[in-house]
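I opened my notebook to look up a few features of one structure. Here is what I wrote down, entry by entry.

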Amino acid sequence: MIHQPPAGTRDILPLEVSQKRWIVDRLQEVFQRWGYQRIITSTLEWLDTLTAGGAIRPDSVIEVGETAEGRLGLRPELTASIARAAVARMANDTPPLRLYYNANVFRRAPKSHHGRQVEFYQMGVELLYTGGSLADTEIVLLMVDCLVALGLKDWSLLMGEAQLTRSLLAPFPPEHQAAVRTAIAHLDRIHLASLPLSPELQHRALTMFDLRGRPEDVLQRVSQLDLDATGQACVAGLKTLIERLRSSAPDDLPLILDLSLLETIDYYTGIVFEVVSSRHNRSSVLGKGGRYDQLLALYDPAGKPGAGVGFALNVEDLHTALLAAPQLPQTMPVNDWLVVAKTPAAEAIAFTYAHQLRQSEHVVRVELDLGGRTPAELRDYARESGIRRLAWLDVDGTPEIEVV
């Protein structure tokens, strides 16, 4: 019987590991250049922590057990766990906190989607205990810098504003706000048009649905709507942010303002954004993020507020988008040396010589022959494996070097 991993999980084989390691290394270097420090949080968390005060649906969490202290689950994302760690363990650190992570997350698949992936790998950053447009600008530019470092092509940055969208939803009757929000979040125009709304509100809902495009054009259109003071402040903040991005980001920044952009995770309080890759007539979300100024207070015993903003990049989706790119490694690294003991008496000497080779300042890949092959078979094996140098060791310890 051939055993497969559980449904929704998968094995990552050496070449794919090497390719994803290439992605991780470049993202990590960008994070560090921007002054971010790595944090590692627990894979297991209390369910109350993971659901972030109801912002994350409990049915998306894979529960693993219940103790006398409460129910445990696997993290479906990292922001809530990092917020908990920052409040509980880093309260005395000087703000702002610049943190990054590289970890796996787990999300329960809907019952109707058996076999859908449940384990994912993410890299991301959180900028905590600081608000304002400058912090938002830093996070967006940091994400852009990551994509540039990877050499990624054919992507767009979609940006929305959660508080502005809530302001635009305020005139709708409370009993219909959730349905309008859900229809817009899922781009379901048919359901939106079928809702029992007055003609004026129906027009407003469809206008919200279409508030996407060139930022300057969208801002002009939304400014013509009947906005409350909160909405007007959000529009002014977006104008400032977009002006900063225009002056600081690459000239060809593919920025789309999309005020219909609503995240299913409901802890965002300001800007929200997604990076979307479009290749071969298919689109995929490579990462997303936004501002959350009420999340940290959930984990503070005194309810002390703390602002935050961050993003997560999906390593698997980045890998898929880069598969055809020449910069991604297409072959496995080959070993540099094959060390062979000529006789059983020289085996310990061969181990010692291999150890000496591995002590190089740079990584040297050294393989030790484990016996059972003739010299001719060893040479054939080295050629087939791409190994260029053989070291034959005898009892006197002097290597005989052969280039194949």
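Grid points are joined across faces, edges and corners, and a volume is the space filled by probe spheres set on the points.

I also noted that this is a predicted model, where local features need pLDDT of at least 70, side-chain atom pairs count only at pLDDT 80 or more, and totals for chains, interfaces and linings use all residues. Residues are numbered from 1 along each chain as its sequence is written, and side-chain values use heavy atoms, with hydrogens and water left out.

**Entry: cavity.** I searched the whole structure and found 1 cavity of 30 Å³ or more. The largest cavity holds about 70 Å³ of space. I looked up its lining of 10 residues, and those closest to the centre are Ala-162, Arg-166, Arg-181, Leu-262 and Glu-263. The lining splits into 6 nonpolar, no polar and 4 charged residues. For these classes, Ala, Val, Leu, Ile, Met, Phe, Trp, Tyr, Cys and Pro count as nonpolar, Asp, Glu, Lys and Arg as charged, and the others, Gly among them, as polar.

**Entry: two helices.** Helices here are DSSP runs (H or I, at least four residues), strands are runs of E (at least two), and both are numbered from the N terminus. How do the axes of α5 and α10 cross? I found that α5 (residues 162–169) and α10 (residues 229–248) have axes that come within 9 Å and cross at roughly 150°. Axes are lines fitted to C-alpha atoms, for helices over the stretch in contact, with angles from 0 to 180 degrees between N-to-C directions. For contact (heavy atoms within 4.5 Å), I listed Gln-163, Leu-164 and Ser-167 in α5, which meet Thr-230, Gly-231, Cys-234, Val-235 and Leu-238 in α10. By class, this contact has 4 nonpolar, 4 polar and no charged residues.

**Entry: backbone.** Where is the cis peptide bond? I found that it joins Pro-95 and Pro-96, with omega about 0°. Pro-96 sits in the loop between α3 (79–89) and β5 (97–106). Next I checked Tyr-129, a residue other than glycine with a positive phi, near 65°. Tyr-129 lies in the loop between β6 (119–128) and α4 (133–150).

Methods. 1 Å grid on protein atoms, 1.4 Å probe; cavity = no way out; pocket = protein on both sides within 12 Å on 5 of 7 lines; lining within 4 Å.
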